[in-house]
Amino acid sequence: MEQHIQAQVQDYYGTELQTSHDLKTNACCTDDIPAAHKQILAQLETEVLEKYYGCGVCIPSAVEGLTVLDLGSGSGRDAYLLSKLVGEQGRVIGVDMTEEQLAVARRHVAAHTERFGYRQPNVEFRHGFIEDLLSAGLDDNSVDLVVSNCVLNLSTDKAATYREIFRVLKPGGELFIADVFSDRRVPENLRQDPVLYGECLSGALYIEDFRRLLRELGIRDYRLTAQRRLTIGNAEIERKVGNIKFYSLTVRAFKLDLEDQCEDYGQVATYLGTSPDEPHSFTLDDHHVFETGRPVLVCGNTADMLTLTRYGTHFRVDGTKNQHFGLFPCGPAPASTAAATETTGSCC
């Protein structure tokens, strides 16, 4: 059954969809794009842009020099954007199971390499399945950052997919994804609908099952950086899904041994203003925005995210974990609606 769904997805994205205009809902429409990214996107080949089906912006800051893995890289839009952002010394690997999409991405490698002024390509596109990254030749602890844009919901084995992600990430590495999630478990009859699945709806994980899955993998804290309710915009599909609410969430999680609650150790974090694209402030998530030079009390998990990852060079964190003061009064930014609150599943 899962192989049947996988084949349907390959057909949907390989042959049925020719450009983003063929999508039947707005689930894969793009959130606001930073101005710096827009300048790079304007340099990309038209075909790459037209065959892009993502649902958000899934590129964090401070990526220069990193090895980045783009899961479900499709036409290569985000991979080429990353190619420019990581610089010539960085590396980008795109993995996709659809040969038609890979063909689009691969035929523009030389053009973008020349356009970015690189002596040799820093991006490559591999055929493989996100549930089995060994099939794409990816070793343990081999990448700094994994990104994915509206693709993980299409996986027929979510547990295997996330297990593989944290296998290939280096210690302290980051998962940064934009994807579709639901406020309840999607019924099996809807999962078997090829249009609903291909439109990134019926394969969506229930947000609490996502939290549980990460905890099973030892990832006890994740953070939301953005969220919006999907309106779908197709009356027939809205009738099929009924009362199920779908959300586009941008999520980050680190390969760190964190606690399952936000604990208070009296630590204070100060952003140094040294990340090139964020001179005035640094946004960790929807309720941690660090103004340059201003000390901020943080929980132990946040302190680790800021010191035991690539962000460590951009922060000064004072204090240790020698003395514990109980739970840290940490929580998400106030939601504008009750519905938005339903999507908050991180511990901080």
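Leu138 is in contact (heavy atoms within 4.5 Å) with Leu69, Ile93, Val95, Arg126, Leu133, Val143, Arg167 and Val168, leaving aside residues up to four places away in sequence. The model is predicted, with local features needing pLDDT of at least 70 and side-chain atom pairs counting only at pLDDT 80 or more, while totals for chains, interfaces and linings use all residues. Residues are numbered from 1 along each chain as its sequence is written, and side-chain values use heavy atoms, without hydrogens and water.

The largest nonpolar core comprises 32 residues, and Leu138, Leu69 and Phe181 are among those with the most contacts inside it. A nonpolar core is a set of buried Ala, Val, Leu, Ile, Met, Phe, Trp, Tyr and Cys residues joined through side-chain atoms within 4.5 Å; buried means under 20% relative accessible area, with a 1.4 Å probe and protein chains only. Another core, of 27 residues including Val68 and Tyr80, lies apart from it.

An open sheet has three strands in the order β12-β9-β13, with antiparallel pairing. Strands are DSSP runs of E of at least two residues, and helices runs of H or I of at least four, numbered from the N terminus; two strands pair if DSSP finds at least two bridges between them. The edge strands, β12 (296–298) and β13 (315–318), each pair on one side only. Strand β9 (residues 267–271) pairs with β13 over four bridges, and Ala269 stands opposite Val317 in β13.

Thr309 is located in the loop between α12 (300–307) and β13. Thr309 counts as buried because its relative accessibility is 11%. Its contacts include Gly172 and Phe254.

Technical notes. Buried < 20%, exposed > 50% of the residue type's maximum accessible area, 1.4 Å probe, protein only.
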